[in-house]
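I opened this model to look up a few residues and to see how far the prediction can be read. My entries follow in the order in which I made them.

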Amino acid sequence: MTSAAGRFLVVGIGPGDPELITRKAERLIGAAPVVAFHAGVRKESHARRIAAGLIPADAVEEELRYPVTTGTTEHPGGYVGALAAFYDECEARLAAHLDAGRDVVLLAEGDPLFYGSSMYLVDRFRDRFEVEVVPGVPAFAAATATVPAPLVRQTDVLTVLPGTLPEPELARRLADTDGAVIMKLGRTFPAVRSALEQAGRLEGALYVERASQPEERWLPVAEVDADSVPYFSLIVVPGDSARPASAGRMRAGRTRTDWAETAGSEPESLRFGTKPQPSELLVIGLGPGPDGWLTPEASAALTEVEHVVGYAPYVNRVPQRPGLQRHASGNTVEVDRARLALDLALRGERVAVVSGGDAGVFGMAAAVFEAAADPEYPQHASVPVRVLPGVSAIQAVAARAGAPIGADFAVLSLSDRLKPWPVVERRLRAIAEADLVLGVYNPASRSRRDQVVEMQKILLEHRSPDTVVVVGRDVGRAEESLAVTTLGGLDTDGVDMKCLLIIGASSTRVEPDGTVWTPRWVD
């Protein structure tokens with residue numbers, strides 16, 4: 001950066017009404033030797049139209065016209081290649097002014113760094129020139145004022161979502177928040193409307209078009225003609241339209257006590273002295289990941305329940321639909337979420353607790369029974385509990401490898417969070433001495449690196465270094481990998497919580513094609 005170089009000033013000019021331009025933005029535009037602005041294909045620049053009355057008559061104007069907006073292009077690099085070439089050209093044109101010592105003011109609709117095109121030039125220039133960004137009124141703020149409706153209150157959570165998200169993901173996120181703003185409509189509107197309906201948020205959702213501009217209008221999303229939706233529109237979902245807190249969204253990291261303190265009014269049956277019959281509580285294994293590994297029984301059960309409770313990544317795998325209430329929490333509050341599920345079932349609600357893999361293998365089934373047996377909550381014992389099995393992680397890894405657990409085997413969690421390490425050691429030695437195939441869950445984490453090293457040492461006291469070891473990571477998912485190594489050659493530094501290990505018996509063998517299997521017979 002040289003002292004003679006010009007400054008790159010990115011100025012937010014708001015959603016459309018020139019009177020919403022800030023005083024600072026007005027001052028900078030009025031003194032700009034160079035004013036740049038984006039324009040759509042064969043369209044007038046909205047940014048220039050908003051700021052037209054402020055641009056000096058002698059300013060050099062740089063129109064940055066997009067080559068494509070719909071994703072269809074003849075560029076050999078496709079849409080991404082066309083846009084990259086476009087920004088290369090924009091960079092070169094504006095850098096020529098900056099290198100010559102002329103300040104450049106780039107007009108940005110709304111706020112520059114809120115889904116704004118200007119951010120790509122900020123990325124390119126910030127290490128070469130002095131860059132200043134002037135914030136502007138974002139479109140969603142203008143839309144909320146247009147309605148007018150309070151967007152979020154007190155401890156409500158606001159989520160801003162692009163309408164280009166896949167419909168199931170959009171529905172899930174809408175169900176899990178209080179207030180929401182959905183941007184980037186246009187052609188995505190039908191899918192967005194469907195997602196709102198699936199999430200139970202269509203009622204109360206408001207469509208706003210060209211907020212703060214002379215043509216602005218708003219109406220309930222349910223009444224919008226999908227063919228009439230322009231790009232300059234968005235949807236406001238006020239927090240007040242969310243299900244009442246008594247529906248019980250349990251946010252990640254919150255305890256059952258936190259939830260109870262904000263639970264709101266009791267169900268009508270409790271207020272008037274009648275006690276509802278407890279519903280059966282389902283504990284469902286979702287399998288290791290792929291939809292194809294979800295059993296038909298589990299899939300059918302999930303379409304019938306009103307509440308899904310579990311660790312957030314597992315709850316996120318359950319498709320959203322109208323009436324489904326989701327209660328996602330962190331990874332170390334198993335008993336808290338089990339109690340929440342039991343509380344809901346006591347009220348007669350239809351509830352499923354979900355686990356990855358099989359719920360009965362280091363999953364939520366044991367936690368639910370533990371919570372139901374706690375003498376501090378004797379009422380929980382009256383809730384009937386049914387466990388629906390799922391494909392376990394060890395089954396998935398074994399199937400990918402061949403048949404390493406085709407004979408007697410043991411399964412052990414290497415985590416010492418719920419049991420002392422000496423107990424783990426004794427069990428490792430017993431399994432090694434019995435010459436059993438061993439499946440190892442939770443082998444290592446960021447904070448727990450020593451246990452897998454100790455396991456290797458203990459097993460090598462009883463097993464040959466040539467003992468076959470299978471390392472499966474994210475089996476069934478896009479990032480899946482499977483490696484076959486030996487006990488002596490196992491690289492413990494490469495093992496983490498996404499891995500499951502299968503350590504063979506002395507009879508476990510590897511075929512020339514890499515298939516691993518353990519004979520059913522013992523000599």
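His-380 sits in the loop between α13 and β15 (385-388), where helices (H or I, at least four residues) and strands (E, at least two) are DSSP runs numbered from the N terminus. Its side chain makes a polar contact of 2.9 Å with the side chain of Asp-343 (a pair of N or O atoms within 3.5 Å, one able to donate a hydrogen and the other to accept it; residues adjacent in sequence count only if both atoms are side-chain atoms). Leaving out residues up to four places away in sequence, I noted that His-380 touches residues including Arg-339, Leu-342 and Ala-371, contact meaning heavy atoms within 4.5 Å.

**Asp-99**

Asp-99 lies in helix α3 (residues 78-99) and is exposed, with a relative accessible area of 52%. Beyond four places in sequence, Asp-99 touches Arg-128 and Phe-129; the C-alpha atoms of Asp-99 and Phe-129 are 8.8 Å apart, although 30 residues separate them in sequence.

**Confidence and conventions**

This is a predicted model, in which local features need pLDDT of at least 70 and side-chain atom pairs count only at 80 or more, while totals for chains, interfaces and linings use all residues. Residues are numbered from 1 along each chain as its sequence is written, and side-chain values use heavy atoms, without hydrogens and water. The mean pLDDT (the predictor's confidence in each residue, from 0 to 100) is 90 for the protein, but pLDDT stays under 50 over residues 245-272. Where pLDDT is low, the predicted coordinates should not be read in detail.

Technical notes
Buried < 20%, exposed > 50% of the residue type's maximum accessible area, 1.4 Å probe, protein only.
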